[in-house]
Amino acid sequence: MNYGFFRAACASLKLKVANPSYNKVEIKKAIDAAAAENAQLLVTPELSVTGYTCADLFFTKSLQNAADEALFDIVDYTKGKNIIVTVGSICEFNNKLYNCAFVILNGKIIGIIPKTNIANYNEFYEKRWFAAGGGTDCYLSKYDAVMSPDLILDVGNDIKIGVELCEDLWVPNPPSAELAVNGANVIVNLSASDEYVSKADYRRDLILNQSARCVCAYLYAGASVYESTTDLVFSGATVIAENGALLAEGKRFSRENVITFADIDIEKINTLRQKNMSFKCGSGKNVIFAELEYNENDLKYRFVDSHPFVPADNKKRRERCSEIFAIQASGLAKRIEHVGSTGVVIGISGGLDSTLALLVSAEAMRLLGKDNSDILGITMPGFGTTDRTYGNALQLMKNMGVTVKEISIKNACIQHMNDIEHDPDIKDITYENTQARERTQILFDMANKHRKLLVGTGDLSELAMGWCTYNGDHMSMYGVNASVPKTLVRYLVDYASSVSDEKTAEVLNDILNTPVSPELLPPDKSGKIAQKTEENIGPYELHDFFLYHFVRFGFTKEKLVILADKAFGGKYGTDEITHWADVFIKRFFTSQFKRSCVPDSPKVGTVSLSPRGDWRMPSDASYEDYI
């Protein structure tokens with residue numbers, strides 16, 4: 001299986017203006033280069049057979065005849081090749097010339113798409129030569145193909161291709177929008193967009209935005225520097241986008257042929273459309289079927305982010321962190337104000353999650369014009385608490401000026417275990433959960449006593465894996481971290497460290513370097529943390545990766561493993577990834593009952609597990625067919 005991946009290419013060609021016999025050779029070279037890389041779609045620029053800048057030469061019979069001769073030669077060249085080729089050429093119909101895209105597969109023209117919007121302003125004079133293709137729908141015997149701007153090419157494997165040409169993208173209502181709602185999930189654009197200062201950024205944004213609006217892949221191939229330079233210079237821009245993301249972009253102003261490749265995830269696009277009820281899909285008015293043989297895909301031309309919740313770019317990451325803090329703090333401030341609370345209560349452990357909740361609470365106090373002393377921070381040492389986390393908890397609260405309270409839970413837990421006739425020497429789940437629930441009881445009762453709101457600290461990854469004690473740390477009055485995954489928690493705390501005073505930053509940095517642990521089992525002989533979460537349930541970065549792709553796109557375990565293999569580049573072996581994928585799926589399914597009754601919390605990203613929002617699932621669903 002190729003799991004829905006489809007390799008495509010855009011080419012910018014070294015051509016000669018008004019010389020189809022030369023240009024067809026360059027197009028053939030591009031076909032060979034694309035086929036050699038196992039691409040199944042090649043997009044060439046607008047009027048790639050003739051050149052875009054032929055001007056009044058378009059009216060000459062010599063050029064028209066040469067264009068058709070070259071076109072048929074290219075068509076014949078594709079016989080036996082498992083690749084769709086789109087080339088631009090002129091087409092005469094009813095004594096009018098049309099600027100068209102010819103779609104070719106295995107020695108046959110399978111569709112002709114005329115340009116709908118003819119550019120005729122500033123440097124463009126296309127109406128001098130070409131008629132608009134809107135409303136044109138006819139069979140052309142010369143090419144044994146239908147000509148229509150509404151064609152959608154169904155080539156199998158859930159791939160449906162729509163075509164527009166250059167200016168069609170720049171108008172208020174691009175043809176690609178109509179093609180997309182009628183089923184096209186891959187849009188190609190044969191273009192000849194000249195270059196001037198700042199246009200490249202605008203064009204790229206236009207392509208990315210259209211791919212997002214249409215929930216599709218968008219492939220753009222622009223005319224090269226070998227077009228006429230009488231008044232204009234073309235750059236040979238090639239861009240491939242997928243649902244708003246840039247997959248690949250070729251070098252501009254090259255003196256050679258440029259072929260840009262990308263592996264498109266068709267399954268991902270179709271899943272996003274299924275889940276988006278605002279995306280109304282029709283059945284397609286003018287669909288042509290042409291079977292493309294199945295191709296394996298090794299993801300050579302697809303970047304897979306190992307940390308999909310965390311932007312790789314430092315500037316974007318800092319902007320994301322700032323925005324998330326604003327969402328979390330604004331939600332908490334609204335809830336505090338609504339219930340008339342005097343402040344908040346938080347259990348501070350010296351770990352990442354409670355640290356983030358404390359930082360968010362401090363920002364909420366600022367928004368409400370309150371002092372940090374209205375935050376009641378409670379540290380509750382237990383059997384597994386180490387000096388490191390205990391010291392960091394106290395120091396952080398002191399540095400931030402919150403009201404500090406220390407309550408040991410040891411005696412209460414021993415009393416409770418005696419009451420339920422559990423031997424404290426048996427370090428099992430009862431031993432662990434007794435501590436978690438005792439802490440939660442203290443926090444709730446202290447919140448009542450001081451008329452404050454209890455802020456939950458658990459994060460999205462813990463909810464996904466069920467790594468929280470039911471009616472223990474699972475509960476609060478408002479959970480500020482519930483849609484923040486563990487991999488992102490770390491960067492949020494790191495961001496806070498970068499904008500904090502020196503003493504607070506020092507504590508935050510040590511918390512960042514502390515192993516993740518619930519500290520419910522006694523420390524080792526050297527007093528260090530013995531219970532390390534990731535040694536038990538697996539690396540959080542893997543589980544966050546699985547979580548993102550499973551919840552957003554519904555991918556199978558096999559596809560999750562393939563993507564993780566690509567994303568982590570050998571950091572984990574395939575067998576190890578497969579093992580932790582099984583663990584993730586089993587824990588995700590068996591932990592739904594905890595997520596079915598979680599407290600209110602603000603959504604901060606595209607993945608959330610709130611039963612009132614993004615994720616509804618039976619608490620007793622079976623996972624057997626998922627592993």
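1. Basis. The model is predicted, and local features need pLDDT of at least 70, while side-chain atom pairs count only at pLDDT 80 or more. Residues are numbered from 1 along each chain, and side-chain values use heavy atoms, without hydrogens and water.

2. Helices 8 and 14. The axes (lines fitted to C-alpha atoms over the stretch in contact, with angles from 0 to 180 degrees between N-to-C directions) of helix 8 (residues 352-368) and helix 14 (residues 502-512) come within 10 Å and cross at roughly 145°. Helices are DSSP runs of H or I with at least four residues, numbered from the N terminus. In contact (heavy atoms within 4.5 Å) are L352, T355 and L359 of helix 8 with L508, I511 and L512 of helix 14.

3. Helix 16. This helix (residues 540-553) has 14 residues and reaches 19 Å from first to last C-alpha, close to the 20 Å expected at 1.5 Å a residue; the expected span is 1.5 Å times one less than the number of residues. Just after helix 16, G554 takes a positive phi of about 65°.

4. Aromatic residues. The structure holds 28 aromatic pairs (ring centres of Phe, Tyr or the six-membered ring of Trp within 6.5 Å; planes under 30 degrees apart are stacked, over 60 edge-to-face, the rest tilted). F93 and Y98 have ring centres 6.5 Å apart and planes at 50°, so this pair is tilted. F93 is partly exposed at 22%, whereas Y98 is buried at 8%.

Definitions and conventions
Helix = DSSP H or I, 4+ residues; strand = E, 2+ residues; numbered from the N terminus. Buried < 20%, exposed > 50% of the residue type's maximum accessible area, 1.4 Å probe, protein only.
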